[in-house]
Amino acid sequence: MYAGRIVEERAVTELFARPRHPYTAGLLACTPRLEPGAAPPRPIPGRPVSLAEAPAGCAFAARCAHAEDRCRTEPPALTPHGPGLAACHRADEGILP
């Protein structure tokens, strides 16, 4: 969930292996790893949006490195993407690791 909305829903193994929403990918990237030589956690840039702000488009757009113009104006619907759901206009483009 981000800003009170579900942004992604899928089986745990699929979510960790191939997130479809940039916020999910960001959460996974900022998780500390215990393996020797693991990369340090990468924080998600920017600040979380306040529920009182209610932006016109995707609430994560201001923090998203993959946002395009329509992300700031059209709220993405939670729709099927692969074996799960994601609320991202670019979920099927393969932009995430």
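Let's start in a loop. A54 sits in the loop between helix 2 and helix 3, and helix 3 covers 69-73. This is a predicted model, so keep that in mind throughout. A54 is exposed, with a relative accessible area of 56%. Its backbone stands out too: phi of A54 is positive, about 40°, although A54 is not a glycine. Most residues other than glycine have a negative phi.

You'll find A3 in the segment before strand 1. A3 is partly exposed, at a relative accessible area of 27%.

Now the overall layout. The protein chain has three helices and three strands. Along the sequence the pattern reads β-α-α-α-β-β. How compact is the protein chain? The radius of gyration is 14 Å, close to the 13 Å that the globule rule gives for 97 residues, so the chain is as compact as a globular protein of that length. The C-alpha atoms fill a box of roughly 45 × 30 × 20 Å along the principal axes.

A few whole-chain values. Of the 97 residues, 36% count as buried. The exposed surface comes to about 6100 Å², and carbon and sulfur atoms supply 61% of that surface. Take the contacts with a separation of 6 or more: residues 24 or more positions apart account for 42% of them. On charge, there are 11 positive and 10 negative side chains. The centres of those two sets lie 4 Å apart.

In what order do the three strands lie? The order is 1-3-2, in an open sheet with antiparallel pairing. Strand 1, residues 8-9, and strand 2, residues 79-81, are the edge strands, and each pairs on one side only. Strands of a sheet pair through backbone hydrogen bonds. Strand 3 is residues 84-86, and three bridges join strand 2 to strand 3. Those two strands run antiparallel. For a place to look, find H81, which stands opposite G84 in strand 3.

Stay in strand 3 and pick out A86. Is A86 buried or exposed? A86 is buried, because its relative accessible area is 0% and the cut-off for buried is under 20%. Now look at V7. V7 and A86 are 79 residues apart in sequence, yet 5.5 Å apart in space, C-alpha to C-alpha. Set aside the neighbours of A86 within four places in sequence, and V7 is one of the residues in contact with A86.

Last stop, helix 2, residues 22-29. How many of the eight residues of helix 2 are buried? Seven of them are, so helix 2 is largely enclosed by the rest of the structure. The buried ones are P22, Y23, T24, A25, G26, L28 and A29. What do they pack against? The buried residues of helix 2 pack against strand 1 and against helix 1, which is residues 12-17.

To recap, take three places away with you. A54 is exposed, with a positive phi. A86 is buried in strand 3. Helix 2 is largely enclosed by the rest of the structure.

Conventions: Residues are numbered from 1 along each chain as its sequence is written. This is a predicted model: local features need pLDDT of at least 70, side-chain atom pairs count only at pLDDT 80 or more; totals for chains, interfaces and linings use all residues. Side-chain values use heavy atoms; hydrogens and water are left out. Two strands pair if DSSP finds at least two bridges between them. Helices (H or I, at least four residues) and strands (E, at least two) are DSSP runs, numbered from the N terminus. The radius of gyration is taken over C-alpha atoms; the globule rule is 2.2 Å times the number of residues to the power 0.38. Buried means under 20% relative accessible area, exposed over 50%, partly exposed in between (1.4 Å probe, protein chains only). Contact means heavy atoms within 4.5 Å. Accessible areas come from the Shrake-Rupley method with a 1.4 Å probe; for residues, only the protein chains shown count as cover. Lys and Arg count as positive and Asp and Glu as negative; His and the chain ends are not counted. The place of a charge is taken as NZ of Lys, CZ of Arg, CG of Asp or CD of Glu.
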